[in-house]
Amino acid sequence: MKVSPQTGAPSRSRIAAASLIGTAIEFYDFYIYGTAAALVLNTAFFPDMDDVAGDLAAFSTFAVAFISRPLGSALFGHWGDRIGRKSMLVVSLLVMGLSTVLIGLLPGYAALGVIAPFLLVLLRFTQGIGLGGEWGGAALLATEHAPPGKRGLYAMFPQLGPSAGFIVANGMFLILGEVLSDGQFDSWGWRLPFVASLLLVIVGLYVRLKISETPVFQAAMDQHRIARVPFAGLMKHQWRRVLLGAGAMTIAYTLFYTATTYCLAYGTDTLKIPKTTMLALSMVGVVFMAAGTVASAMVSDRLGRRRTLITGTIGAVVWGLVMFPLMETRNTFLVGLALAGALALMGLVFGPMGAFLPELFKTEYRYSGSSVAYSLGGVLGGAVPPLVATSLQASGLGVMGIGGYVSAMAILSLLCLLALPETGDRTL
């Protein structure tokens with residue numbers, strides 16, 4: 001293992017690779033499901049429903065994984081706070097990756113009948129369990145290895161995983177959309193990105209098995225500061241920070257899944273924008289998300305986490321009212337601007353969270369606290385918006401109602417941030 005000559009600790013490049021590659025793979029797995037839900041799962045697994053009902057059913061299976069994520073966070077958080085960060089990162093990657101491959105191999109409704117959507121929901125549930133344990137471990141791997149004053153910089157790496165995973169996932173669907181006919185894609189082509197996840201998991205395991213345990217957790221073990229039931233201690237002493245952290249995280253998920261999963265379906269089905277165009281615009285938007293993530297994570301080391309997060313959240317309040325009027329123009333540039341603006345703001349909020357959420361909690365239950373807060377934010381901001389947006393569209397309230405919902409979630413996050421302290425100057 002590559003180590004620093006001064007301290008014997010893993011180098012920044014090793015930490016960056018181990019924390020980024022896992023979250024990139026995990027989010028790749030998650031995003032290919034979201035893309036498939038928007039494009040094909042309604043017909044493959046729910047063929048007897050009309051278009052709106054089918055979309056709702058497909059997005060409901062998408063939401064199942066968000067509901068199971070807090071359970072995964074509590075489970076992996078317990079053992080991550082008991083026996084270490086590294087081992088849980090390996091297990092979470094396996095759970096997520098194998099569930100994804102099995103979804104790609106699962107026969108559809110035509111072959112299995114009602115058993116097919118049942119098994120789809122079950123596999124989607126286990127996907128969420130794996131992802132629930134993934135992010136907290138990756139964030140702690142980075143922050144607990146970081147030198148003083150550089151936790152935002154180190155925590156930037158797991159936060160870039162979603163950008164990398166999304167680009168690879170959408171890139172695969174974009175290529176398949178170009179080389180396959182609609183019939184081939186709907187029949188079997190959509191399965192290929194799921195099966196390809198197996199190769200990515202093998203690479204991720206190789207990298208993670210070579211990283212050491214974090215020095216902060218190792219010190220806690222040496223000093224016998226390990227809680228017997230970390231989640232119980234968390235709920236007794238820091239439950240308020242769990243809820244406020246979840247609320248603060250909500251807008252990042254709301255922006256992302258509204259701009260990608262919902263807008264992909266809305267753009268192709270309602271606005272009749274070609275599927276490949278929407279996928280390409282989403283990929284460009286995610287480049288802006290990555291830039292926002294890098295900038296805000298680094299700035300947060302100088303200006304503080306809280307101030308940086310509040311700035312991005314205020315921007316989201318405004319953009320929620322702007323993005324759908326831009327979408328409605330059907331102009332390719334303006335649609336791209338709507339997506340890029342939303343995703344850039346998502347990056348501004350998401351970047352500092354890799355350090356901010358772990359810094360809110362004590363070492364004894366940091367894995368549990370940061371993971372549960374992150375996952376609960378995902379339930380509110382990731383599972384709910386596609387369902388709410390689809391329902392608002394069907395009810396006749398229109399896209400301005402959806403934009404108002406995004407702004408309302410931003411205000412919720414802003415209020416939670418105002419109730420939380422600055423954390424960048426505290427020690428771990």
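Helices H4 and H6 run roughly antiparallel to each other, because their angle is over 145 degrees. In this predicted model, H4 covers residues 85–105 and H6 covers residues 115–143, and their axes come within 8 Å. An axis here is a line fitted to C-alpha atoms over the stretch in contact, with angles from 0 to 180 degrees between N-to-C directions.

Now for another pair. H13 and H16 are roughly parallel, since that label goes to angles under 35 degrees, and H13 passes H16 in a right-handed crossing.

| Pair | Axes come within | Crossing angle |
|---|---|---|
| H4 and H6 | 8 Å | roughly 150° |
| H13 (residues 275–303) and H16 (residues 332–359) | 6 Å | roughly 30° |

Zooming out, the chain has 18 helices and zero strands. Helices are DSSP runs of H or I with at least four residues, strands are E runs of at least two, and both are numbered from the N terminus. Of the chain's 428 residues, 60% are buried, that is, under 20% relative accessible area with a 1.4 Å probe, protein chains only. Among contacts (heavy atoms within 4.5 Å) with a separation of 6 or more, 85% come from residues 24 or more positions apart.

Residues are numbered from 1 along each chain as its sequence is written. Local features need pLDDT of at least 70, side-chain atom pairs need 80 or more, totals for chains, interfaces and linings use all residues, and side-chain values use heavy atoms, without hydrogens and water.

Terms used. Parallel < 35°, antiparallel > 145°, perpendicular 65-115°, else oblique. Left-handed = near helix turned anticlockwise from the far one by under 90°. Buried < 20%, exposed > 50% of the residue type's maximum accessible area, 1.4 Å probe, protein only.
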